[in-house]
Amino acid sequence: MQIIVCIVLAILLVLVAIRNINIIQLQSYGLGFYGAEMSYQIGLYISLLLGEVICLILSLLKVAAWYWLLIAFCVPLLAYVAIGLIKKSKTPLVVTARVMRYFALFTILTLAFFGGIYYLSIITNLSIFYYVWINFLLTPLTVRLAFLLIAPLEKHIQNKYFNKAVEKLDSMQNLMKIGITGSYGKTSVKNIMATILSESFEVVASPFSYNTPMGLAKSVNEITDSTQVFIMEIGARHIGDVAKIAKALKPQVGVITGVAGQHLKTFGSVEDVMRGKYELIEALDNNGLAVFNGENARVKNMYDRCILPNKMLTSIHSGNICVENLITTTEGTLFDLKIGESIRNCRTKLIGRHNIENILLAVTVAVGLGMDIDSISYGIEKLEFTPHRLEVIKANGITIIDDSYNANEVGVQVALDTLSMFDSRKVVVCQGIVEGGEKEDEINYNLGVKMSSSCDIAILVGKLADKLQKGLVDSGYNPTRIIKYKNLREAQSAFKDNLRAGDVLLLLNDLPDNY
């Protein structure tokens, strides 16, 4: 019996640790307690307290066997952990070598703490049962302590791999390197550009949303001697993040997709976001090509102050590279691509004005690399949806516009404009916009205002639902057409009650577990 109880305790401890490591990973290895993380820790401590209360009651009832007391202690904790597992994380823990190193150090620390607790039980002449709760109480802190202690080693390992990637790129003198950054649209522009450039070049692009130093270092491994173009997506949450990557990897082409009020929690202000993104342009040498999305006012401002001789501002309806006779439908987009005096009719399954902006950014780079209009138009025809970014899916008679990857003020407006193209009943599922810093409430109130003229049914989810609802109602939206749920799982379970064949469902965003 004693062995069984110890095994159960060890398993519970491991599961609690895994949950904490998962949350830390979702926070880009940030160690803070907030949002869903704080709620989880409170629930954990309440279950510990409940277990202690049950044990105390059994002690007063003179239940002599210590293992029965331990089992009583485990029951609330086991139930809490089991519920967490049944709910299942939307983004499960990715087991990497880094995570395994953290877990190994966590195990060592936990055993050390347990040894201290065991010694405490000896000198106080009390059963270790009276102290077993301490290890569970310390687990969230022990996990974070492990991260802090191993941080210097991790930094050394990351620098080693990143420097190796830099050396490889420096050795490839004929490789064209293209950097893409912005508050939104990076992955979409990267995928569009890779498809178009592949008509004339051997292209490697960073996969998925790999946009950190380690992600890009991993992407460099895919480059071979035959690779002619490397497209890198560069992300940032702080001033200096883009500069670190761009100065090391030395792109010859820099593309700014757009600037919006995103990551304000870490950047602080939109002005700092602009400074952070402009670091890519500052890293280009005097012969570099800088391409700016002229449809975004903030990016246009960045273009105006750029002093590089080779700079280009894209615009849908004007300039040397533009589109004419633009027709957007629910099935795709038709337009005439104009490059100088040459014009070609193009079609793509991509929908939404924002995708035309993305295409023009990619086309401008393609022209800068010497591609002809025919090759470019062939590439446009082959474009596929980027998953979860205005991706159109048809299922059970319902048209789903999946724009769930992320949400910012500009992207939300684009998604709502796309929704307005459809004639059927329009339903929006929205969890709000996070990382808005001090302006988060204002941003989500304004989002509710925007939604009021775009949808017939508003399904609001999570902690920001009240702010969204206020924006909707203050705009005259009928409150009976607003449905609220605590989390996305509840909302999805109720789709069968709230949706009907012929509806158009916009999945506006999908927040990670730490929100």
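Helix H14, spanning residues 409-419, packs against helix H15, residues 440-451, at an angle of about 10 degrees, and their axes lie 11 Å apart. Because angles under 35 degrees count as roughly parallel, H14 is roughly parallel to H15. Welcome to this predicted model; the points below start with that pair and then visit helix H5 and two oblique pairs.

**H14 and H15**
- The way H14 passes H15 is a right-handed crossing.
- On the H14 side, the contact is made by Glu-409, Val-412, Gln-413 and Leu-416.
- H15 contributes Ile-443, Leu-447, Lys-450 and Met-451 to this contact.
- Sorted by class, the residues of the contact of H14 with H15 are 5 nonpolar, 1 polar and 2 charged.
- A handy background point is that an α-helix has 3.6 residues a turn, so residues three or four places apart point the same way.

**Helix H5 on its own**
- H5 runs over residues 133-171 and has 39 residues.
- From its first C-alpha to its last, H5 reaches 56 Å, close to the 57 Å expected at 1.5 Å a residue.
- Where does the kink in H5 lie? A kink of about 50 degrees is found at Ala-151, shortly before the proline Pro-152.

**H5 and H7**
- Helix H7 covers residues 213-220, and the axes of H5 and H7 come within 9 Å, crossing at roughly 45 degrees.
- That angle makes H5 oblique to H7.
- This crossing of H5 and H7 is left-handed.
- From H5, the residues making the contact are Gln-158, Tyr-161, Phe-162, Ala-165, Lys-168 and Leu-169.
- Their partners in H7 are Pro-213, Met-214, Ala-217 and Val-220.
- The contact of H5 with H7 has 8 nonpolar residues, along with 1 polar and 1 charged.

**H10 and H11**
- Helix H10 (residues 270-282) packs with helix H11 (residues 297-305) at an angle of about 50 degrees, and the axes are 11 Å apart.
- H10 and H11 are therefore oblique to each other.
- Is the crossing of H10 and H11 left-handed or right-handed? The crossing of H10 and H11 is right-handed.
- Val-270, Met-274, Lys-277 and Tyr-278 of H10 meet a set of H11 residues made up of Arg-298, Asn-301, Met-302 and Arg-305.
- In the contact of H10 with H11, 4 residues are nonpolar, 1 is polar and 3 are charged.

Methods:
Residues numbered from 1 in each chain as written. Predicted model: local features only at pLDDT ≥ 70, side-chain atom pairs only at ≥ 80, totals over all residues. Heavy atoms only, no water. Helix = DSSP H or I, 4+ residues; strand = E, 2+ residues; numbered from the N terminus. Expected span 1.5 Å × (residues − 1). Bend = angle between axes of the 7 residues up to and from the residue. Axes fitted to C-alpha atoms, helices over the stretch in contact; angles between N-to-C directions. Parallel < 35°, antiparallel > 145°, perpendicular 65-115°, else oblique. Left-handed = near helix turned anticlockwise from the far one by under 90°. Contact = heavy atoms within 4.5 Å. Nonpolar A, V, L, I, M, F, W, Y, C, P; charged D, E, K, R; others polar.
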